[in-house]
Amino acid sequence: MPKAVRALPSSLTWNRAFARRRWEEEMKRILQGLAFAISVAAPPQPVDAKVVKFEILRTESPAFEGRMFGPVGTYDRIIARATIAVAPDDPHNSLIVDIDRAPRNAHGLVEAVSDVEILRPTVAANANRRLFYEVVNRGNKLGLALFNDTGVTNDLAKVADAGNGFLMSRGYTVVWSGWQGDTAAASGRLTFSPPIVPQVTGLAREEFVFDHLDNPVLATLSYPAADLDPAHVKLSVRERESDPRTAPNDLSVRFDAPNRIAISRPAGFDAGAIYELIYLAKDPKVMGLGFAATRDIVSFLRHDEADAEGTPNLLAGQIDRAVAFGASQSGRYLHDFLYLGFNTDEAGHAVFEGLMPHIAGGKKTFTNYRFSQPGRSPYQHADTVYPGSEFPFTYPVITDNLTGRTDGLLARCLAAGNCPKIIKTDSDIEFYQQRASLVATDTQGNALAMPDNVRLFLISNLQHFALANDRSAPTRTCMFPTNPLHAGPPARALLVALDAWITDGTLPPPSRYPGRNEGTLVPPTADAVGFPQIPGVRYSGQLTRPTVIDFDAMPPAKGAAYPIFVPSTDGDGRNIAGVRLPTLEAPIATHTGWNFRKAGFAEGELCENNGSMFPFAATRDERLKNNDTRPSLAERYPKEGDRAAAVSKAARQLVQDRLLLEQDVDLFMANIN
């Protein structure tokens with residue numbers, strides 16, 4: 001039998017409780033200060049913090065091997081590096097965890113360095129005067145894969161790297177910068193270098209799901225260990241997240257280096273088992289400074305003539321509006337960026353007029369904490385009790401009936417009077433993995449009305465992310481072939497709508513998101529959801545169960561559960577609410593956002609962000625033989641051209657609803673199979 005998990009030695013101290021209390025007190029003070037400042041209409045005061053150095057490292061002119069983008073012409077690609085310096089006592093910065101402990105320069109400011117990349121029209125007069133800022137995902141660019149239908153690449157050198165040229169043909173100036181302080185500088189990733197806080201130790205926690213059976217297995221720690229004695233760590237294993245933590249006799253760990261360990265794995269656990277290590281760490285990074293870096297770099301590019309050393313700003317006078325986009329982790333970053341008040345720069349300007357958080361659900365990030373790990377995302381089978389999963393989940397300010405807290409993602413911008421316009425898009429899996437229903441309900445499960453500056457859209461039946469040319473395929477760990485549906489076409493239309501909204505006040509399309517009042521957001525049971533009977537598939541309602549979490553405990557402890565709901569479906573398994581792609585209005589298969597882990601990999605747990613595709617039977621006889629309740633292809637489309645006509649009709653309706661661009665109608669018609 002497994003032995004009980006060892007308790008950590010009492011001599012180890014845990015610093016997060018203090019840091020968390022200090023953070024909450026600071027946030028309350030900031031809110032009060034902002035409200036007071038607005039009430040007396042005090043003018044912004046000059047500050048010393050700024051982009052102190054903006055170095056142009058390389059310019060490629062023209063970019064994309066000289067490709068032309070209609071009347072906009074060619075683009076230039078600029079590779080740069082920005083050094084920011086912030087005043088730690090300024091109210092815009094003092095909420096950054098450990099900034100008061102960070103090393104300071106000769107002027108008493110805290111510095112950090114960020115990689116920057118810019119794509120801009122070679123002829124400035126041909127630009128649309130809009131800055132499109134993409135928050136990089138673990139240092140990687142994903143935005144062009146969504147909006148321009150490219151693959152995922154960081155080296156934008158070839159003609160094909162611009163894809164369909166959507167952003168360029170519309171004249172956007174595209175900007176990326178590093179913000180995640182633990183991203184490795186490899187494969188063209190954009191990095192961020194925050195200061196390290198010296199002489200600070202505290203407990204840190206790692207979770208590993210290896211999805212292989214190598215033994216022993218090597219793993220890298222997020223922070224160096226302050227104590228390399230294996231007897232002073234707590235190591236456990238469990239097959240599933242809901243199982244108790246155990247420490248079998250044949251489970252052990254050794255340190256190969258302060259940030260490198262080798263785990264000897266016990267018998268009886270498969271490749272999907274969860275390993276947890278709690279250890280005394282040192283040298284935390286001021287990770288929350290990444291929010292200030294985004295704020296200050298974008299503000300500099302929009303408003304300043306030159307950096308502190310007199311180097312001219314290459315975009316000076318060329319930008320009227322700015323939109324920020326982020327996908328997945330980067331969308332969760334935008335939630336934090338807004339929530340923590342970083343959409344107001346130190347001069348009082350709004351940094352972004354529009355935000356597009358994509359596939360972020362109701363989560364934030366584990367960034368502005370001591371010993372933070374921004375790459376973590378709480379899922380059903382992994383990282384479930386990391387920060388980033390806690391209240392508030394949604395935009396309006398509401399009271400959490402479980403904790404008594406009153407808060408919302410818009411709280412600080414409401415106090416500052418400069419809330420951006422927001423178009424938020426999610427896929428089906430966000431309701432299963434990322435608490436998306438808590439965006440549309442309060443913490444008792446009642447429907448919420450969104451503020452006038454927020455629109456919500458479900459892109460129906462999609463998995464988390466798929467490329468434009470993806471095909472359904474099996475994976476090593478998932479039970480079913482993947483879902484290849486791509487969110488690019490509606491995302492393009494919604495960006496055009498957001499641009500018009502922030503430019504001249506043209507209202508975007510109304511929200512299309514599941515709701516409790518409409519009966520399209522339902523409990524996660526087979527009967528309530530209405531999922532069809534498909535051979536070899538059992539709808540289990542498996543999903544992340546969000547709870548109140550005590551992060552002061554180590555490991556964090558779950559408390560009371562929040563109500564959670566998922567989109568209802570029709571007899572084909574299509575989400576009843578949301579934006580359906582034209583091909584879903586004339587389907588050839590059932591597409592889901594969810595998939596399950598296969599045998600040997602924690603069977604039956606959600607398979608991370610992967611969806612599934614279940615083709616229809618070809619004929620009525622085939623489906624009846626297999627006990628498939630879904631009409632066959634022959635029953636749906638008895639005559640040649642029936643499906644093409646249905647897809648065309650659906651596409652034209654979406655164009656009328658401003659949820660699809662005219663240019664994308666032909667895209668769908670060309671890909672009917």
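**Reading aromatic pairs and a sheet**

Analyst: Let us begin with a single side chain: Tyr333 has a relative accessible area of 0% and is therefore buried, the cut-off being under 20%. Please note that this is a predicted model.

User: How is a pair of aromatic rings described?

Analyst: In general, a pair of aromatic rings is described by the distance of the centres and the angle of the planes. The structure holds 30 aromatic pairs. One of them joins Trp179 and Tyr333, with 4.4 Å from centre to centre and 45 degrees between the planes, and this pair is tilted.

User: Which parts of the chain does the pair of Trp179 and Tyr333 link?

Analyst: The pair links distant parts of the chain, 154 residues apart. Trp179 belongs to the loop between β5 (173-177) and β6 (192-193), whereas Tyr333 belongs to helix α5 (residues 329-339). Both Trp179 and Tyr333 are buried.

User: What kind of aromatic pair do Tyr333 and Phe337 form?

Analyst: Tyr333 and Phe337 form a stacked pair, with centres 6.1 Å apart and 25 degrees between the planes. The two residues are four positions apart in helix α5, so about one helical turn separates them. Phe337 also counts as buried, because its relative accessibility is 0% and the cut-off is under 20%.

User: Which residues do ring pairs link into a cluster?

Analyst: The cluster consists of Tyr133, Trp179, Phe291, Tyr333, Phe337, Phe342 and Phe352, linked by ring pairs.

User: Where does the charged end of Lys141 sit?

Analyst: The charged end of Lys141 sits over the ring of Trp176, at 5.2 Å from the ring centre. In another case, Arg205 lies over the face of Tyr386, 4.1 Å from the centre of that ring.

User: Turning to strands, what is the order of the strands in the open sheet?

Analyst: The open sheet has three strands in the order β8-β11-β10, and the pairing is antiparallel.

User: How many bridges pair β8 with β11?

Analyst: Four bridges pair β8 with strand β11 (residues 260-264), in the antiparallel sense.

Notes. Residues are numbered from 1 along each chain as its sequence is written. This is a predicted model: local features need pLDDT of at least 70, side-chain atom pairs count only at pLDDT 80 or more; totals for chains, interfaces and linings use all residues. Side-chain values use heavy atoms; hydrogens and water are left out. Two strands pair if DSSP finds at least two bridges between them. Rings of Phe, Tyr and Trp (its six-membered ring) pair if their centres lie within 6.5 Å; planes under 30 degrees apart count as stacked, over 60 as edge-to-face and the rest as tilted. Buried means under 20% relative accessible area, exposed over 50%, partly exposed in between (1.4 Å probe, protein chains only). A charge sits over a ring if NZ of Lys or CZ of Arg is within 6 Å of the ring centre and within 35 degrees of the ring normal.
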